[in-house]
Amino acid sequence: MSSVKDKKLQNELWNDLASGLESIYAGDERMPPHRYMELYTHVFNFCSSSHVPAETARRGTSITQMQTSFVGSELYNELNIFITKYAQSLRMTLINLYGDSLLQHYTKIWTNYRFGSTVVNGIFSYLNRHWIRREIDEGKLGIFEVYNMAINIWKQVIFTDLHHNVTSAALALIEQDRNGEMIQTKLIKGVVESYIELGINERETVGSGNDDGANSQSAGLQPNMTRPGVKYQVYREHFVKRLLEETLNYYTTESTTFLQSYSVPEYMKKVGERLNEERDRCQLYLDYTTLDSLLKVCDDALICNHLELFHNEFEALLSQRQCEHLGRMYDLCHRVTGALDKLKQILEIYITREGRAAIEQIAQNAMTDPKYYITTILQLYDVYNNLASKAFKLDHGFVEAMDRAFTRFVNENEITRLAKSASKSPQLLVLYCDQLLRKNAKNVEDERMDEYLEQVMTVFKYIEDKDMFQAFFHKMLCKRLVTEASASEEAERSMIAKLKHMCGFEYTSKLERLLTDVALSRDNSDIFRKQVTRREVDFSVIVVMSNVWPLTQPILFEIPSPLMNCIEDFTRYYSGKYTGRKLNWVLQMSRGEVISTSGTFANKYTFICNTQQISLLMLFNERNVYKQSDLETILKLPKDQLIPALHSLLKVGLLLNVSGNDKSSKKSSTDEVDNKNDDKELQLNNGFTNKKLKVDLIRAMVSAKEQKKDNEEVQKCVDEDRKIVIQAAIVRIMKMRKTLKHQQLVGEVLNQLTARFQPKVPLVKKCIDMLIEKEYLKRGENERDSYEYLA
């Protein structure tokens, strides 16, 4: 009797529940709040009824468990049937709709359905917490919480038949948006949200064969756990997949059409706008997970398909210095893997060509004035460094391409070709440094000196033969210090510090020693001058270490007695202070000032001379005319020193060659003084005049022939040093490796020494042979192309 009663009660409860469900899904706003509580109570009472069918009672399960299980199942089935019928009725209202009309009704119905299902889920929360939860925990398939069940029914009843039309309508709206038409974005957003929500019940185990399986394993998920990405499966399969296909087709067609009428720079600007639009689109009405795949398709259609056009246009933009367009091209190509590689190659080739062309234009002037050469390189550097910074965002690959190009044309250009030597570049850079660091009327201001030295280092880093630069710089620094021609010791130290920072302590140790020697010598000279207060000559001495300073061998000749007295005094002073040291006087590198006495010339002149010139001029205090042979005999000066000194005095008109002419005519000829004829007569020119009262005779003595000789000596010293450096590198490598193939040994030597200079392979081979002769190495007995180290 009670069973019939319970069944009747359940029917009454369900009928009232069904009535309430109809009102909820219909969106009845007049439904009072206490009605929701009443429906919740109906669910509780329904699940608490004791009705159990007789056939179920015959089983061995406990009565209580059977009652709960059966009642929960019956209520779940009733609710499933109700929602299914409701969904079928909704489907009938949508089946014949298309386009915007379909989207409007679909999104409206979906919003109401989802809201109603949320409310129903709350009303049936007792069923969710007990029977449904237990069924799910026991692994029963096809059982969902009430809200999820409603979503699943929508998917089976409505989505299965309508998703194609709905997606097509949404994609049509997106195309209208891309065409610039006004659309209702909320319609697309509603469709996207519904598709994502429909994946709520998707469950997938690890290793099911889906692409996401690897991701779940890497994330540490256990079998039978729902992966976070699965809920997007419906959205990706039924919406994103078609969206990407439509996007690819749309932009492929648009890009091809656009390029037929517009230039590449205008096209790149259009592409940038399109990519921004797609980002905004994802933010406005698509899901954020769509962004990467959508932009990837855009990149394929808008960039990848037209890379050849970009590459062809790149050089034209470089030549026009179109920084904005170059930056836009970089940004676009940066999005595509490998697309920048070709641009880097083009940039390197272009800069190399332009650099060589620019240097070729100033080659003749630069051979004599290094400022043309260095400023041209710096101007090119400013242009392309500005491009690398603004257009290419200081991309490491583009900076490296620029550096390779500069290295190539700085070390191989028209100037090095004319000079027939790769060492011309470091030599010109040293000469430019000498102009900056030497005293002259055009010295740069102290506050700007560091800026100029930084520019020198900019060019220096592209010099391959840095050892050649070191040798030339060493020699020029020595001359500046000996002649006291340095504009500033602080500037000299700053330059050396910059070289040290880039090349290390070993590179600058000898340069620093020069400054140290000069400072110590200055102190010694000051002490010496204070000891003797009365002296005919204002005399100072620079004492340096012969193994550090690149000075020529001392030349002994007769010098004026006042100078000789000073030398003897200082020798006695120095010998008394330091024992075991020997002074060798490098007279040919000494310098001084000779002041003309009253009545000698119309004006009183001061002549800046070297020791050879001083000795010659002082002889003319005794008489006015000398034969060339007499001068050579009296001074005991070698001809290679005497002739240049005489030439310099004749060149400025201080002496006159009066051989074979009337002496009173004072007719001069500088071309007649040579090594072959010693009978030339030279006379002091009492009618000498000059615009300057202080005349530099040393400058007149410097000749191109002497400079060439100095350069050859430096080159020879560097070549010898390179042989030693290469041999040392070979020994280091072989000592560590013991046995090595010929090609491997040569390769490792080149790698080790590239930072200092570029060794030539024939020179490396020659050094290997030298070490074999010295028995540091031997050839392998079985393999003649291998070497063994001999301890």
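Predicted model: local features only at pLDDT ≥ 70, side-chain atom pairs only at ≥ 80, totals over all residues.

How do the residues of the lining of the second largest pocket divide into nonpolar, polar and charged? They divide into 17 nonpolar, seven polar and 11 charged.

**Second largest pocket**

- The second largest pocket holds about 1,100 Å³ of space.
- Its lining is made of 35 residues, and those closest to the pocket centre are Q470, A471, K510, D721 and R756.
- At least two lining residues come from each of α22 (466–482), α23 (489–503), α24 (505–531), α30 (704–737) and α31 (742–753).
- Of the elements in this lining, α30 gives the most, with 10 residues.

**Largest cavity**

- The count of cavities of 30 Å³ or more comes to one.
- The space in the largest cavity is about 30 Å³.
- Its lining consists of E254, S255, F258, Y267, K270, V271, R274 and L302.
- Two or more of these residues are supplied by α10 (233–261) and by α11 (264–284).
- With four residues, α11 has the largest share of the cavity lining.
- The cavity lining has four nonpolar, one polar and three charged residues by class.

**Packing of α11 with α13**

- Helix α11, which also contributes to the cavity lining, crosses α13 at roughly 115°, and the two axes come within 10 Å.
- The crossing of α11 and α13 is left-handed.
- On the α11 side the contact involves V264, P265, Y267 and M268, and on the α13 side L309, F310, E313 and L317.
- This contact has seven nonpolar residues, no polar residues and one charged residue.

**Packing of α13 with α15**

- Helix α13 (residues 307–319) also packs with helix α15 (residues 339–361), at an angle of about 30° and with the axes 10 Å apart.
- Angles under 35 degrees count as roughly parallel, and α13 and α15 are therefore roughly parallel to each other.
- The crossing in which α13 passes α15 is right-handed.
- From α13, the residues in this contact are L307, H311, F314, E315, L318 and S319.
- Their counterparts in α15 are A339, K342, L343, I346, L347, Y350 and R353.
- By class, the contact of α13 with α15 comprises eight nonpolar, two polar and three charged residues.

**Packing of α27 with α28**

- Helix α27 (residues 628–635) packs with helix α28 (residues 639–651) at an angle of about 125°, and their axes are 11 Å apart.
- An angle of 65 to 115 degrees would count as roughly perpendicular and one over 145 as roughly antiparallel; α27 and α28 are therefore oblique to each other.
- The crossing of α27 with α28 is right-handed.
- Helix α27 makes the contact through Q628, L631 and E632, and helix α28 through K639, L642, I643 and L646.
- Four nonpolar, one polar and two charged residues make up the contact of α27 with α28.

Definitions and conventions:
Residues numbered from 1 in each chain as written. Heavy atoms only, no water. Axes fitted to C-alpha atoms, helices over the stretch in contact; angles between N-to-C directions. Left-handed = near helix turned anticlockwise from the far one by under 90°. Contact = heavy atoms within 4.5 Å. Nonpolar A, V, L, I, M, F, W, Y, C, P; charged D, E, K, R; others polar. 1 Å grid on protein atoms, 1.4 Å probe; cavity = no way out; pocket = protein on both sides within 12 Å on 5 of 7 lines; lining within 4 Å. Points joined across faces, edges and corners; volume = space filled by probe spheres on them.
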